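Q: Can you walk me through this one? I'd like to start with the sheet.

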Amino acid sequence: MGEALALARAAAARGEVPVGAIVVRDNAIIGRGGNSPISISDPTAHAEIAAMREAAATLRNYRLVDCALYATLEPCAMCAGAMLHARIARVVYGAGDPKTGACGSVIDLFADPRLNHHAVVIGGVRAEECGMLLSGFFAARR
């Protein structure tokens, strides 16, 4: 989560919402991402998507089987859906997102029995630190 937090801080320095994510396989980081939808004018440029794209390129496979994704913020429906398609095995996030969280806060895509893949989800890892980064960013913009 420390690496994801560093990526979130870098996103904030670029004027982006401070969210960072990494993909890990066999205890090695194979993908990194920080939010960048504003700077590249792309609504899909969330940290999780960037991290999965890099991991998929590293593995030369769109399936990220046996991988874990760490994100500083609870993934949204778009990102959770991409994780389902990629077959991410485990999702670990910091702060919950009561407005768009798709791992239990608003909806829980990973718990829906109608879907064909289910990841283990662990929330609240370094939640206070992740949440303070977001709160401080938005407070400064007001």
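A: This is a predicted model. Five strands make up an open sheet of mixed pairing, in the order S2-S1-S3-S4-S5.

Q: Which are the edge strands?

A: Strand S2 (28–34) and strand S5 (120–122), each of which pairs on one side only.

Q: And how many degrees are neighbouring strands turned against each other on average?

A: The average is 15 degrees, with direction ignored.

Q: What about S3 and S4, how many bridges join them?

A: Five bridges, between residues 68–73 of S3 and residues 90–95 of S4; the two strands run parallel.

Q: Ok, helices now. Where does H1 lie?

A: Helix H1 (residues 2–13) lies across S1 (20–25), S2 and S3, and runs at about 150 degrees to S1.

Q: And H3, which strands does that lie across?

A: Helix H3 (residues 47–59) lies across S1, S2 and S3, at about 140 degrees to S2.

Q: How many helices and strands does the protein come to?

A: Five helices and five strands. Along the sequence the pattern reads α-β-β-α-α-β-α-β-β-α.

Q: Why call it as compact as a globular protein of that length?

A: Because its radius of gyration is 14 Å, close to the 14 Å that the globule rule gives for 142 residues. The C-alpha atoms fill a box of roughly 40 × 30 × 30 Å along the principal axes.

Q: What share of the residues is buried?

A: Of the 142 residues, 45% are buried.

Conventions: Residues numbered from 1 in each chain as written. Predicted model: local features only at pLDDT ≥ 70, side-chain atom pairs only at ≥ 80, totals over all residues. Heavy atoms only, no water. Pairing = 2+ DSSP bridges. Helix = DSSP H or I, 4+ residues; strand = E, 2+ residues; numbered from the N terminus. Axes fitted to C-alpha atoms, helices over the stretch in contact; angles between N-to-C directions. Contact = heavy atoms within 4.5 Å. Rg over C-alpha atoms; globule rule 2.2 N^0.38 Å. Buried < 20%, exposed > 50% of the residue type's maximum accessible area, 1.4 Å probe, protein only.
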